[in-house]
Amino acid sequence: MQIYVDTANINHIRHCAELGFISGVTTNPSLLAKEDPSVDIRQRILEIYDLIGGHLSVEVNSTDTNGMIAEADEILSWFPNATIKIPMIPEGLSAVRKLSNKGIPTNVTLIFSANQAIAAANAGATYVSVFMGRLDDISFDSVGVLQDICEIWDVQDYESLIIAASVRNPLHIIESARAGADIATVPYNVIIQSLKHPLTDAGLNAFLKDYQKMTELKSSLNK
Ligand code: E4P
């Protein structure tokens, strides 16, 4: 399972690019607004693209099919290998079909059920983004929904890649991988949290202390 970072924060994306195991970035209008509501979206997206050099999903803001297609054309004029993020509404599915017919990659967002995922796959979505945290927020079993979708994908041989989105904690990453998601898109703080373990820190401290002792001993013997 690949890991994308789910953010529009340039410093966090720069750090993720350095980490060496992040394969892409997803954004949405709320993430862009959180960083700077007055930001020039095109400029910010291009900054992100320069940093990550991998997958980058950019969301449209129209709710009608033609508006979404026009926005997709504009985003593709910024950089040609953009993935166009389209909301899971009927007008969005029409847009996905049209973009898919032209070979343009799409990421259908705001998917909360297996029925929605099936519709998006049949419309030709390249990616389907299943929102975990927001399901948990309403006391719905997000892992169960993701497992259903992954099982259906195996049975039906759907080609759309499954993205576990709205990830809120490191356990969501493990559950996504266990269920069989292709990608988890994860907020920066959760990525960093997922790398930490107290035994790693304790072990490293002990190694460093012992190395220091050896170096001190060697230098005292050489005197
Ligand atoms: C990513 O594609 C989604 O937009 C994002 O994961 C939503 O996360 P949230 O539910 O934490 O806002």
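## Overall architecture

A residue counts as buried when its relative accessible area is under 20%, as exposed when that value is over 50%, and as partly exposed in between. By this criterion, 45% of the 223 residues of the protein are buried. The structure discussed here is a predicted model.

The protein contains 11 helices and eight strands. Along the principal axes, its C-alpha atoms fill a box of roughly 80 × 40 × 30 Å.

## The ligand and its surroundings

The model includes a ligand, and the space that this ligand takes is the largest pocket. The residues around the ligand are D6, N28, K85, F131, R134, A165, S166, R168 and T185. This shell divides into four charged, three polar and two nonpolar residues.

In the case of R134, a polar side-chain atom lies 2.6 Å from a ligand oxygen. For K85, the corresponding distance from a polar side-chain atom to an oxygen atom of the ligand is 2.7 Å. The side chain of R168 has an N or O atom that is 3.2 Å from an oxygen atom of the ligand. On its own, the ligand has 340 Å² of accessible area, and the protein covers 86% of it.

## S166 in the ligand shell

S166 is one of the residues around the ligand. Its place is in the loop between strand β7, residues 161-165, and helix α9, residues 170-179. S166 counts as buried because its relative accessibility is 8%, and the cut-off for a buried residue is under 20%.

The side chain of S166 also takes part in contacts within the protein. A polar atom of this side chain lies 3.1 Å from the backbone nitrogen of R134.

T26 is buried, as its relative accessible area is 2%. T27 belongs to the loop between β2 and helix α2, which spans residues 29-35.

With a relative accessible area of 0%, T27 is likewise a buried residue. The side chain of T27 reaches the backbone oxygen of S57 at a distance of 2.9 Å.

Helix α6 comprises residues 114-123 and includes A123. The relative accessibility of A123 is 9%, so A123 counts as buried. In sequence, A123 and N101 are 22 residues apart, while their C-alpha atoms are 9.7 Å apart in space. A123 can also be related to T26: these two residues are separated by 97 residues in sequence and by 21 Å in space, C-alpha to C-alpha.

S176 is located in helix α9. This serine is buried, with a relative accessible area of 0%. S176 and T200 are 24 residues apart in sequence, and the distance between their C-alpha atoms is 24 Å.

Most residues other than glycine have a negative phi. Two residues of this model are described here with regard to that angle. L110 is not a glycine, yet it has a positive phi of about 65°. L110 is found in strand β5, which consists of residues 106-111. Its relative accessible area is 30%, so L110 is partly exposed, a class that lies between the limits of 20% and 50%.

S139, which is not a glycine either, has a positive phi of about 60°. It is found in the loop between helix α7, residues 133-137, and helix α8, residues 142-156. S139 counts as exposed because its relative accessibility is 69%, and the exposed class begins over 50%.

Technical notes
Residues are numbered from 1 along each chain as its sequence is written. This is a predicted model: local features need pLDDT of at least 70, side-chain atom pairs count only at pLDDT 80 or more; totals for chains, interfaces and linings use all residues. Side-chain values use heavy atoms; hydrogens and water are left out. A residue is near a molecule or strand if one of its heavy atoms lies within 4 Å of it. A polar contact is a pair of N or O atoms within 3.5 Å; within protein, one must be able to donate a hydrogen and the other to accept it, and residues adjacent in sequence count only if both atoms are side-chain atoms. Accessible areas come from the Shrake-Rupley method with a 1.4 Å probe; for residues, only the protein chains shown count as cover. On a 1 Å grid over the protein atoms alone, a cavity is a set of points where a 1.4 Å probe fits but cannot get out, and a pocket is an open set with protein on both sides within 12 Å along at least five of seven lines; lining residues have an atom within 4 Å of a point. A molecule sits in a cavity or pocket if more than half of its atoms lie within 2 Å of its grid points. Ala, Val, Leu, Ile, Met, Phe, Trp, Tyr, Cys and Pro count as nonpolar, Asp, Glu, Lys and Arg as charged, and the others, Gly among them, as polar. Helices (H or I, at least four residues) and strands (E, at least two) are DSSP runs, numbered from the N terminus. Buried means under 20% relative accessible area, exposed over 50%, partly exposed in between (1.4 Å probe, protein chains only).
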